[in-house]
Amino acid sequence: MLRLDALNSVYDRLADRVVITIMGAVAAELQAIGHRPNFFYLQHAMGLASSMGLGVALTRPELSVVVFDGDGSILMNLGGLTTLARYRPKNLVHVVFDNESLLSVGGFPTATSTGSDIAGMAAAAGVPRTATVRTIDDFVAAFDDALASQQLTTIVAKVDAKGPAGFVTDLALLENRFEFQRWLRKTGAAQPTHHPR
Amino acid sequence: MPVSVDSSRIIYDALKDCGVGLVSALPETWLVHLIRMAEEDPAMVLVRLAKEEEGVGISAGAHLAGTKSAMLMQNHGFLASVNGIVSCAQLYRIPLLMLISHRGEFGERDPWQTEGGGVTEHVLQALRIPFAYLDSPSHVAHRIRKGLTLAYSSNKPVALLLCRDLMWEEPEGDARREQGDAKPSGRLSPQA
């Protein structure tokens with residue numbers, strides 16, 4: 001499965017959702033398919049995309065949040081899986097594209113290439129729903145199930161270690177950040193909610 | 001333990017008065033009452049972390065989504081968060097309010113805390129993060145408010161260092177006399 005094809009296959013589901021991605025191929029490919037003001041690309045701070053998604057999901061329970069993470073990034077913030085699981089926001093779908101490598105810096109293999117199982121770690125952390133998928137059909141089915149389930153879900157999508165020719169796009173980081181904030185403001189007032197401790 | 005409940009309450013009330021709606025925290029001795037106050041407040045979103053750097057991402061998400069937040073951490077937690085502060089909060093111009101317990105300063109008795117105190121201000125300065133000390137109840141509220149004002153006007157992180165004189169109620173400078181009191185026939189005299 002190619003990550004680009006996987007992104008394309010669920011692109012129409014992202015229209016009204018908060019989308020937060022990691023840096024590198026995911027950001028470049030999603031922008032190549034078509035940037036939207038509700039998409040935010042965290043172009044550094046590896047590991048924190050899922051934490052940002054948690055921050056949005058907890059403070060805006062009326063919104064649906066999708067995080068597109070990667071194996072290299074989540075391996076830098078495995079503790080964050082336990083925090084996600086602890087608060088298990090119903091409005092967060094956490095997709096991890098696992099190409100078993102740090103593609104944007106030359107393809108250095110990550111620990112998932114030697115057997116570390118991200119879905120297994122997410123489940124062990126307490127994420128209520130997890131899946132590992134290897135085909136587009138299975139990915140789309142898992143994504144739609146996750147949205148319908150109203151439960152925190154981590155989907156590990158095994159993808160080829162192939163990316164775009166370049167990673168720099170013409171969307172400036174701060175342009176993206178302020179546009180995204182404006183979109184969030186426009187979609188309604190913040191409604192902090194009570195949640196499990 | 002002699003962590004000041006009164007000072008913790010003043011800090012917590014100041015955060016509430018400023019409209020802070022989310023607090024991320026990793027437990028540390030001086031922060032226990034603050035964390036409990038957040039836990040007991042149904043209007044506060046408390047996020048207990050595995051590591052402090054997560055709090056930078058959570059605060060960034062909360063900020064973009066319209067909620068003011070504060071991070072509660074020890075200075076060692078701040079040191080553990082530096083990459084997130086630089087490559088998320090500073091790169092993306094996120095106003096962060098960091099309340100950092102300033103362990104390892106004068107009066108510190110825990111040997112394992114003594115290295116962090118001496119580097120905290122230097123790291124803050126190297127990162128060009130404006131900071132102020134909270135060392136007396138009288139200025140807590142307005143320094144927190146001013147810090148948050150600067151964080152929002154600059155879209156940058158600011159730090160408030162929670163100091164021993166504010167957070168710890170044990171009389172300062174009396175360690176030797178206390179030891180002497182505890183052992184009236186001991187070898188240590190108050191003047192030793």
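Two residues are taken to be in contact if their C-beta atoms, placed from the backbone, lie within 7 Å. The structure is a predicted model, in which local features need pLDDT of at least 70 and side-chain atom pairs count only at pLDDT 80 or more, while totals for chains, interfaces and linings use all residues. Residues are numbered from 1 along each chain as its sequence is written, and chains are lettered from A and ligands numbered from 1 in the order in which they are written.

In chain A, Ile155(A) lies in strand E8, residues 153-158. Helices (H or I, at least four residues) and strands (E, at least two) are DSSP runs, numbered from the N terminus. Ile155(A) counts as buried because it has 25 C-beta neighbours inside 10 Å. The cut-off for buried is 20 or more other C-beta atoms within 10 Å of the residue's own; exposed means 12 or fewer, and partly exposed falls in between. Neighbours within four places in sequence aside, Ile155(A) is in contact with Val95(A), Ala131(A), Val133(A), Ala142(A), Phe143(A) and Ala146(A). Val133(A) is 22 residues from Ile155(A) in sequence, and their C-alpha atoms are 7.4 Å apart.

Chain B contains nine helices and six strands. Of its 192 residues, 47% count as buried. Contacts in chain B between residues at least 6 apart in sequence were also examined; 72% of them join residues at least 24 apart.

The six strands of chain B form an open sheet in the order E2-E1-E3-E4-E6-E5, with parallel pairing. Strands E2 (45-48) and E5 (131-134) of chain B stand at the edges, each with a single partner strand, so one side of each has no neighbour in the sheet. The twist averages 20° from one strand to the next. Axes for such angles are lines fitted to C-alpha atoms, for helices over the stretch in contact, and angles run from 0 to 180 degrees between N-to-C directions. Two strands pair if DSSP finds at least two bridges between them. Strands E1 (residues 20-25) and E3 (residues 68-74) of chain B pair in the parallel sense over five bridges. Leu22(B) has Ser69(B) as its bridge partner in E3(B).

Between the chains, 31 residues of chain B are in contact with 32 residues of chain A. On the chain B side, E1, E2, helix H3 (53-64) and helix H5 (82-90) each give two or more residues. H3(B) gives the most, with nine residues. By class, this side has 17 nonpolar, nine polar and five charged residues. Ala, Val, Leu, Ile, Met, Phe, Trp, Tyr, Cys and Pro count as nonpolar, Asp, Glu, Lys and Arg as charged, and the others, Gly among them, as polar.
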